[in-house]
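Q: Could you zoom in on one part of this model for me and walk me through what surrounds it? I'd like the packing and the strand pairing in one go.

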2 protein chains.
Amino acid sequence: MNDSRSQAADEAQGDDGAAGIPRYVPLYVQIKRLLTQGLQAGEWKPGEAIPSEVELARRYGVSQGTVRKAIDELAAENLVVRRQGRGTFVATHHEARTQFRFLRLLPDDKGGEELGSRIIECRRLRAPVEVARILGLRAGEAVVCIRRVLDLQGQPTVLDEIWLPGARFRGLTAERLAAYSGPLYGLFEREFGTRMIRATERIKAVAADAATAELLGIDVGAPLLQVERVSSTYDDVAVEFRRGLYDTRRHHYFNELS
Amino acid sequence: MNDSRSQAADEAQGDDGAAGIPRYVPLYVQIKRLLTQGLQAGEWKPGEAIPSEVELARRYGVSQGTVRKAIDELAAENLVVRRQGRGTFVATHHEARTQFRFLRLLPDDKGGEELGSRIIECRRLRAPVEVARILGLRAGEAVVCIRRVLDLQGQPTVLDEIWLPGARFRGLTAERLAAYSGPLYGLFEREFGTRMIRATERIKAVAADAATAELLGIDVGAPLLQVERVSSTYDDVAVEFRRGLYDTRRHHYFNELS
DNA sequence: AAGTGGTCTAGACCACTTT
DNA sequence: AAGTGGTCTAGACCACTTC
């Protein structure tokens, strides 16, 4: 090999044996970190190709197999998409493929998946304590709160309440939302440089209150699926809290266990 | 290499170019299939070690790297568990680790996870049409239906209705269930040679009916999470249909999106 | 010390896409 | 034809576990 290897290789190597800190970090993990940092820094934009495996191997002074293993893991985490013969591309929310990765609601009977969105409000306010805690903000810091209704197959089906850190989403207004069609995560990615990577959801069954019943056109007290989602970007920083109320009379939340 | 390679390699190679049928099947995929067949046939029992990578490479006449890639995928699908320095083991439902892979219900506030089970009934009957369809049986074929209540932290929280194909679960009785403590999937695996591998769930919010309300100690009409699960073994044959009703006042269903 | 999985390399060749 | 990801090999060495 080439001497430039030591630049990459020795860098993260010096971890000591303190509790929980691994003594040896495999080379491919170090390469993976470097690539993740590049993605986070926007060195390669969503939808664009990253350098080829051969090029990266040369650049970092490691073998192609090592780069390959690093990219394999990035692909498994959906940070990147491999396309044989073409290259490896930064994942993006502007794709049909990614649409149903986060909204896991399907019609009970096969049918079209027409999806309409109606913004009810979008305002900036001081973070309630619970939201501040979840988003890692100080109580009272600025947040954006969006409320909207999603229509599936012509029926109002989802009422979403979305909380975002105000600093990161400066300039997000109702007008800007209205001017955009498509998944919100696409907007966040393109306009605010914030790409949602991972999310955890907590799901409950709740009874509809009066305001919700009105918006979804259902009875007060009707059972609704409540989906609370915390989404995060690279390095697992939480940047969105979303509470969705789903009318599941004609749709269902689907999940694969494996 | 060794000539025995051709035995494994040429076997699945002859696929023609018909619609959707891949022309070339990589070697490691063929090895993976052979291993899966071995698992399915019970050549290595749950909890036991499969042969070492070197041994398998020798046996199939391929390189260790190829065997390794095959096993990597089996591990990713949770069919097998790798333990460095010890070997690769057939996954089993008799492990703390696997408990919460299928029952994804957690207490809202950190607390113990005591789990009690009470069988309400277990009877054999002719399959209702819907159940028959899901399990791939002819209408009227024998099925086993189990109903039970799960207590979480001392509170009745889950009402399960479980449907199994009668032929595969011959000899499953209420007494046998009562004599067993632990996850049902452990019993199915040990006593009936049926290991649940994958499952898909459809989740809705529903209102409690009178019978359910009685059993869970809640009000009629209270919102409940309805989780319908279809579980399958190797080769994706559906072998269980389960409808669970969860009281989510103090617990939630959790999910990771990545 | 011996055996297992885990990492890394260097190089060959294949399948696929674009030029 | 050239470039990309995908497969496969052979061999070295490392980390971890057991004997």
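A: Contact, or touching, here means heavy atoms within 4.5 Å. With that in hand, and leaving out residues up to four places away in sequence, Leu172(A) touches Cys122(A), Arg124(A), Val144(A), Ile146(A), Leu164(A), Leu177(A), Leu187(A), Phe188(A) and Phe192(A). This is a predicted model, where local features need pLDDT of at least 70, side-chain atom pairs count only at pLDDT 80 or more, and totals for chains, interfaces and linings use all residues. Residues are numbered from 1 along each chain as written, chains are lettered from A and ligands numbered from 1 in written order, and side-chain values use heavy atoms, without hydrogens and water.

Leu172(A) is also one of the residues touching the most other members of the 60-residue largest nonpolar core, along with Phe188(A), Leu225(A), Leu172(B) and Leu225(B). A nonpolar core is a set of buried Ala, Val, Leu, Ile, Met, Phe, Trp, Tyr and Cys residues joined through side-chain atoms within 4.5 Å; buried means under 20% relative accessible area (1.4 Å probe, protein chains only).

8 of its 10 residues are buried, so β8(A) is largely enclosed by the rest of the structure. Strands pair if DSSP finds at least two bridges between them. β7(A) (residues 198-207) runs antiparallel to β8(A), joined by 10 bridges, with Ile203(A) partnering Val227(A). β9(A) (residues 238-246) pairs with β8(A) over 8 bridges, also antiparallel, and there Glu228(A) sits opposite Arg243(A).

Technical notes: Buried < 20%, exposed > 50% of the residue type's maximum accessible area, 1.4 Å probe, protein only. Helix = DSSP H or I, 4+ residues; strand = E, 2+ residues; numbered from the N terminus.
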